[in-house]
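Please look through the structure below with its aromatic rings and its strands in mind. The paragraphs that follow take these topics in turn.

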Amino acid sequence: MSVEATAPAAVIVLAAGAGTRMKSAKPKILHEIGGRSMVGHAIAAARGLRPERLVAVVRHERDRVAEHLLGIEPGITIADQDEVPGTGRAVQLGLEALPAETEGTVVVTYGDVPLLTTGLLAELVAEHDRAGNAATVLTALLADATGYGRILRAADGTVTAIVEHKDATAEQRGIREVNSGIYAFDAGVLRSALARVTTDNAQGEMYLTDVLAIARGDGGRVAAVVTEDPWQVEGANDRVQLAALGREMNRRALEGWMRAGVTVIDPATTWIDVDVALSTDVTIKPGTQLHGTTAVGTGAVIGPDTTLTNVTVGCDAKVVRTDAVDSSIGDGATVGPFAYLRAKTVLGEDGKIGAFYETKNVTVGRGSKLSHLGYAGDAEIGEYTNIGCGNITANYDGVNKHRTVIGSHVRTSSNTVFVAPVSIGDGAYTGAGAIVRKDVPAGALALSVAPQRNTAGWAQAKRPGSSAARAAERAGAPAATPAHDLT
């Protein structure tokens, strides 16, 4: 649903919890799905509202969480939760981090609801502003509402209270509408009500839900917006729930891309992060994972069994059984199978990096081919050059890395080793097994092997009685003579 909403005065993201059920050294909200941390998804949804200010309330692993938040949203305000427990206290501290004169709508959301969208938050804000509510709660209808706070409504549809499951009567437990914990408040109402919320309850916490009863008691209107998409308000408290949210996020991403003109052969084995960009008529084959800021051009075919992270793939390129990171693959190029493209690999238009090839910090020009069984690192290769089977650039001398420069229209034979730093001129050739230690001029042939020498009768003399010696005798090979050098 597309809704136009006035930008709120602030969004407060609650991100203080320890998340002990994750059983992890990493804070719960920093666990990732879809290429972002859970709190990263929450911040993206909040940012989409274009709030005047964005606040995150932190506590567990405070410095680690704050560093992460500032990394993804440099303008965010960090508020620290103190020893007083409860969401009410967390929101109060977030509110205190705002200018005292803040007026208008304040949205409260959480760092562990990664499927929540800007669109749903905008719907909440728009209804809150339209109706002039003191508070508006986002709710969902669940088939099984066990464990959730139930929404109690008056005859006119307004919200009278939220009752926790453990405190609900049998009749109230039959209510399917539940509290998501996500709200839009009038800033003045929120500030006033929080000043009157106490910890006088069984848990000794400041409950944010108490604000609704106080606001209603002050004569304010409290209402609810019901979402038809419960996944958007679903949180992750353990890794099982995190995996379920990840699957649903991926399913939605794949469905969106397929409706936009992308062919996904097997959605069950395909994973695409939320920041990936795909063009029409891209084909994704089974076992493919596209991560980070990967972007794929029109007509490209990716997979099967391919993982790309922060890779740009040009139009009509083909990438099969390849692992690549921080690289660029040009229009019409082909990669794989079983290729490994490390950071700063740039493959030009119509180029090729073939089977069992590893590259790193290398630029390959238009139409050039590195077809099979080799390594190219810290190298620059010109246009329409053919690198033979088994070639490597020996770029490391044990202390420093050095660069190899190979020109255009070069032809290298099998098992050539380029001992960097070295430069190969345009149109040059290398012989099979060449070890190139010195620059090769344009158009020259580089050879570094001694002339071949055959020692007659070696098998019979050195391996008498062996299958090789017997085969040689049957083939009429002459026996060795004392004059022959049999070394």
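A charge sits over a ring if NZ of Lys or CZ of Arg is within 6 Å of the ring centre and within 35 degrees of the ring normal. In this predicted model, where local features need pLDDT of at least 70, side-chain atom pairs count only at pLDDT 80 or more, and totals for chains, interfaces and linings use all residues, the charged end of K401 sits over the ring of Y396, 5.6 Å from its centre. Residues are numbered from 1 along each chain as its sequence is written, and side-chain values use heavy atoms, with hydrogens and water left out.

Rings can also meet one another, and a pair of aromatic rings is described by the distance of the centres and the angle of the planes. Rings of Phe, Tyr and Trp (its six-membered ring) pair if their centres lie within 6.5 Å, and planes under 30 degrees apart count as stacked, over 60 as edge-to-face and the rest as tilted. Searching the whole structure gives 2 aromatic pairs. One of them joins Y183 and F185, which are stacked at 5.1 Å centre to centre with 25° between the planes. Y183, at 2% relative accessibility, is buried, and F185 is buried with a relative accessible area of 0%, where buried means under 20% relative accessible area, exposed over 50% and partly exposed in between (1.4 Å probe, protein chains only).

The rings of F338 and F356 have centres 5.0 Å apart and planes at 20°, so this pair is stacked as well. Because F338 lies in the loop between β24 (334-335) and β25 (339-341) while F356 belongs to strand β27 (residues 352-364), the pair ties together parts that are 18 residues apart in sequence; strands (E, at least two residues) are DSSP runs, numbered from the N terminus. With a relative accessibility of 45%, F338 counts as partly exposed.

The strands give a further view, and here two strands pair if DSSP finds at least two bridges between them. Strand β7 (residues 135-141) is joined to β11 by 6 bridges, and the two run parallel; among the partners in β11, V222 faces A135 and V225 is the bridge partner of L138. Another 6 bridges join β7 to strand β10 (residues 177-186), and these run antiparallel, with A140 opposite V178 in β10. Since 6 of the 7 residues of β7 are buried, β7 is largely enclosed by the rest of the structure, and strand β11 (residues 222-227) is mostly covered, with 5 of its 6 residues buried.

Definitions and conventions:
Helix = DSSP H or I, 4+ residues; strand = E, 2+ residues; numbered from the N terminus.
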